[in-house]
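Let's work through some exercises together, one step at a time. Keep the structure open beside you as you read.

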Amino acid sequence: MQTRTALVTGSSSGIGLACAHRLAASGMNVMLHGLEDEIFGQQLCEQFAKYPVSCAYHRADLSDVSQLESLISNTLSHFGGLEVLVNNAGIQYTAPTEQFPPEKWDQIIAVNLSAAFHTTRLCLPHFQQQGFGRIINIASVHGLVASVDKAAYVAAKHGLIGFTKVVALENAAAGITANCICPGWVDTPLLNDQITALAVQNNCSTEQAKHDLVVDKQAYPDLVKPDAIGDMAVFLCSDSACAINGAAMPIDGAWSAQ
Ligand code: NAD
């Protein structure tokens with residue numbers, strides 16, 4: 001069987017990096033992506049030399065549509081095909097709505113929502129032609145429920161889940177699935193600012209703040225491991241998952257069960 005290829009946006013760190021590792025370990029070529037320079041990208045690719053697959057790295061700012069278009073065209077030309085698109089890159093900023101800087105709103109909507117629309121619209125003709133495609137959008141529990149101070153993030157993630165359902169409906173008969181994974185608190189650098197702010201606010205250690213952050217929302221009292229998200233991505237690419245379509249799957253320690 002021909003080796004499949006996956007593009008994972010934001011795979012220089014955190015959940016995206018874990019998804020890239022798990023997909024490569026499952027036998028897929030991987031296009032790695034991030035904001036970091038090509039030297040960083042080469043070092044990143046070396047981490048993947050242990051897998052019997054090909055890897056490459058492409059730098060692109062996903063808030064710039066022309067850079068995003070180059071990412072897709074370069075992925076297709078470099079690997080000669082693409083079967084799996086993981087829209088993972090995302091950013092966070094917290095502030096009450098009336099104090100939320102408009103430029104932060106625009107940036108979060110661009111990276112967390114609009115980028116997934118653009119990568120998807122560019123990949124779909126290719127997926128439709130080959131009669132196969134897997135689109136995996138890393139949304140969040142904040143695509144299902146809200147929290148204070150996260151207007152842009154919550155709006156983007158709710159939007160991403162809605163968008164994913166439309167893509168699933170439009171392409172279900174073409175061998176293409178589109179699903180969201182909705183993590184709770186995952187152990188990645190994205191949480192650093194929030195943990196630091198809580199440690200200052202509560203005058204406690206970083207470890208204590210991490211624990212307090214988690215148990216405030218999750219019944220499961222620990223951070224979710226990035227590999228758990230990667231393993232779900234691998235499963236969504238399997239034949240057994242061909243009828244899982246338009247779903248928003250929580251991996252959130254029962255956060256959204258409340
Ligand atoms: P992270 O900060 O570790 O990684 C973010 C990635 O996105 C990096 O590779 C970075 O280069 C990339 N990125 C950021 N801005 C970009 C831009 N303008 N253009 C291109 N790439 C850009 O974060 P993470 O925690 O691994 O988050 C990954 C995804 O998971 C995000 O969509 C996030 O919303 C989601 N998520 C995270 C958590 C969590 O607790 N960490 C929970 C739920 C959902």
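**Exercise 1: Helix α3 against helix α4**

Task: find which residues bring α3 and α4 together, and describe how the two helices cross.

Solution. Start with the contacts, meaning heavy atoms within 4.5 Å. From α3, the residues V65, L68, E69, I72 and L76 meet A115, H118, T119, R121, L122, C123 and H126 of α4. Sorted by class, this contact has seven nonpolar, three polar and two charged residues. Here Ala, Val, Leu, Ile, Met, Phe, Trp, Tyr, Cys and Pro count as nonpolar, Asp, Glu, Lys and Arg as charged, and the others, Gly among them, as polar.

Next comes the geometry. The axes of α3 (residues 65–79) and α4 (residues 102–130) come within 10 Å and cross at roughly 35°. Such axes are lines fitted to C-alpha atoms, for helices over the stretch in contact, with angles from 0 to 180 degrees between N-to-C directions. The crossing of α3 and α4 is right-handed, a word used when the near helix is turned clockwise from the far one by less than a right angle.

A note before going on: this is a predicted model, in which local features need pLDDT of at least 70 and side-chain atom pairs count only at pLDDT 80 or more, while totals for chains, interfaces and linings use all residues. Residues are numbered from 1 along each chain as its sequence is written, and side-chain values use heavy atoms, leaving out hydrogens and water.

**Exercise 2: Helix α4 against helix α5**

Task: decide how α4 and α5 are oriented to each other.

Solution. First read the angle: α4 and α5 pack at about 15°, with their axes 8 Å apart. Then check the handedness: α4 passes α5 in a right-handed crossing.

**Exercise 3: Two aromatic pairs**

Task: classify the ring pairs F117 with F163 and W185 with W255.

Solution. A pair of aromatic rings is described by the distance of the centres and the angle of the planes. Rings of Phe, Tyr and Trp (its six-membered ring) pair if their centres lie within 6.5 Å; planes under 30 degrees apart count as stacked, over 60 as edge-to-face and the rest as tilted. The structure holds four aromatic pairs. For F117 and F163, the ring centres are 6.2 Å apart and the planes stand at 75°, so this pair is edge-to-face. F117 belongs to α4 and F163 to α5 (residues 151–171), 46 residues apart. F117 is partly exposed at 39% relative accessibility, whereas F163 is buried at 18%. Buried means under 20% relative accessible area, exposed over 50% and partly exposed in between (1.4 Å probe, protein chains only).

Now take W185 and W255: with 5.1 Å centre to centre and 40° between the planes, their pair is tilted. W185 lies in the loop between β6 (176–183) and α6 (192–202), and W255 in the segment after β7 (248–251), so the pair ties together parts 70 residues apart in sequence. W185 is buried, with a relative accessible area of 6%, and W255 is buried, also with 6%.

Conventions:
Helix = DSSP H or I, 4+ residues; strand = E, 2+ residues; numbered from the N terminus. Parallel < 35°, antiparallel > 145°, perpendicular 65-115°, else oblique.
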